[in-house]
Amino acid sequence: MADSSVTITHDGTGKSVQLPTREGTAGTPVIDIGSLNKSFGHFTLDPGFVATASCESKITYLDGSAGLLQYRGYPIEQLAEQCDYLEVCYLLLNGELPNGDQKSEFDHIIRTHTMIHESLRGFFDGFHYDAHPMAMMTGVIGSLSAFYHDSLDINDPGQRMITAQRIIAKLPTIAAAAYKHSVGQPFMYPRNDLSYTGNLLHMMYAVPAADYEVDPIAEKALDVLFTLHADHEQNASTSTVRLAGSSGTNPFGAIAAGTACLWGPAHGGANEAVLRMLDEIGDVSRIDKYIAKAKDKNDSFRLMGFGHRVYKNFDPRARIIKKIAHEVLATYGNDPRMELAMKLEEIALVDEYFVERSLYPNVDFYSGIIYRALGIPLEMLTVMFAIGRSVGWISHWQEMVSGKMRIGRPRQLYTGEVQRDVPAIKKR
Ligand code: SDX
């Protein structure tokens, strides 16, 4: 990680400044601009943080041009193939994969923290039945901070870890409660004898009036999907968790902020938007019309599930998800939207507009088709993303809080009115 420097010279004043550069263990090196304002009297401007690193992290590495994704150095393809989601949670939180004993202990901890406080269940009665589940998730996750006064000391490693375990363990219970509220069915308590995803399916689909058998195909498909969604370095919702957490607020509030950010259609809300788009297109004969709309600068329509700020190649997760979609549909019966999505991908990938801009299918393009095949309703798709991503959020929060944390406070380029005096009302 040889460090060197760059020199910036202002071609108006001739003033120069030397700024240190730093190389990571992989990926793009950085210019450390911490001293820029003091020594050069300038800020940098980068709306959307296209070329700006907000932090140093050891958790996840993406190579956008090669289409690589690694959690703690392990390629996502190997993790999806060889590990279950709770192993990946352990890896993201602790930096290493668990051995047999550590895996059993972590599984036991998560399985025995899945219940939520009985009065927290009452929160759902305050929502109308047609409230969007992501609205309920955002509200109820934030409310968790009202129940764990004994473990909100962010400087205590033990309290940080128990909070991480509670977030991972309780999000499926809160998600299932939001779903049950929306369909007017009684909540189902979690069961410690079921797997992480088996428990979620049971809490969503079991009813007191009948036995429920977890479908192993659905259980496995969800587990792999949660692994694929677990983390993605400094994406918008994770950066939101970091920025919110940088004030020292409690982690439940920071995660609630990240949940709200994920809901947006440009981010995790895209999986729901993809299915709505496929239903609107309806038939392969209408694809050309929608490709034209996506290319038309005067049309706000975008090809949902396509494009990515970092990946300028295939999103490695999309490849795996597409394969799972075929396997799941082979079991549950075809979904015409799969053929439509594949045709859309085929046409877009040879269209100059998409090729020029390196727009490829991303993690959200095929995932919704799998969720729907498992009977998960449209409004619950981003909730599934939030469950998977919860470990990434809390791992980044933990990395930030346990290090040298400063409150995040961006600067700006001011282009408003310069100072002026208030005129008397008669003169306005
Ligand atoms: C996720 O950051 C992460 O890692 C996110 C995520 C994660 O795991 O956390 O990977 C999950 O959020 C995936 C992205 C899901 N969103 C969508 O599928 C929504 C559709 N995609 C776009 O809105 C867009 O591609 C973004 C938001 C994903 C990326 O936006 P950027 O990087 O700001 O790119 P841009 O808007 O500047 O687009 C660059 C060009 C523009 O055209 P020009 O101005 O150069 O002519 O590409 C065009 C855009 O108009 N473009 C699209 C497009 N995406 C970009 N045109 C049509 N359809 C699209 N989907």
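Buried means under 20% relative accessible area, exposed means over 50%, and partly exposed is in between (1.4 Å probe, protein chains only). Keep that handy for the exercises below.

This is a predicted model, where local features need pLDDT of at least 70, side-chain atom pairs count only at pLDDT 80 or more, and totals for chains, interfaces and linings use all residues. Residues are numbered from 1 along each chain as its sequence is written, and side-chain values use heavy atoms, with hydrogens and water left out.

**Exercise 1. Two tyrosine rings**

Task: Work out whether Tyr179 is buried or exposed, and how its ring is placed against that of Tyr205.

Solution: 
- Step 1: Start with the accessibility. Tyr179 has 12%, so Tyr179 counts as buried. Tyr205 comes out at 22% and is therefore partly exposed.
- Step 2: Rings of Phe, Tyr and Trp (its six-membered ring) pair if their centres lie within 6.5 Å; planes under 30 degrees apart are stacked, over 60 edge-to-face, and the rest tilted. The structure holds 15 aromatic pairs.
- Step 3: Apply the rule. The centres of the Tyr179 and Tyr205 rings are 5.9 Å apart and the planes sit at 75°, so this pair is edge-to-face.
- Step 4: Tyr179 belongs to helix 7 (residues 157-183) and Tyr205 to helix 8 (residues 196-205), so the pair links distant parts of the chain, 26 residues apart. Helices here are DSSP runs (H or I, at least four residues), numbered from the N terminus.
- Step 5: Ring pairs link Phe306, Tyr353, Phe354, Phe365 and Tyr366 into one.

**Exercise 2. What surrounds Leu120?**

Task: Find which residues Leu120 is in contact with, leaving aside neighbours within four places in sequence.

Solution: 
- Step 1: Locate Leu120, which is in helix 5 (residues 118-121).
- Step 2: Check the accessibility. Leu120 is at 0%, so Leu120 is buried.
- Step 3: List the contacts (heavy atoms within 4.5 Å). With those sequence neighbours left aside, they are Val140, Ser143, Leu144 and Phe147.

**Exercise 3. Charged partners**

Solution: 
- Step 1: Recall the idea. Side chains of opposite charge can pair when their charged atoms come close. Here, a salt bridge is a side-chain nitrogen of Lys or Arg within 4 Å of a carboxyl oxygen of Asp or Glu. That rule gives 18 salt bridges.
- Step 2: Look at the pair itself. Lys295 and Asp351 meet at 2.7 Å, N to O.
- Step 3: Lys295 is partly exposed at 31%, while Asp351 is buried at 15%.
- Step 4: Glu272 is buried at 10%, and Arg276 is partly exposed at 41%.

Key. Helices (H or I, at least four residues) and strands (E, at least two) are DSSP runs, numbered from the N terminus.
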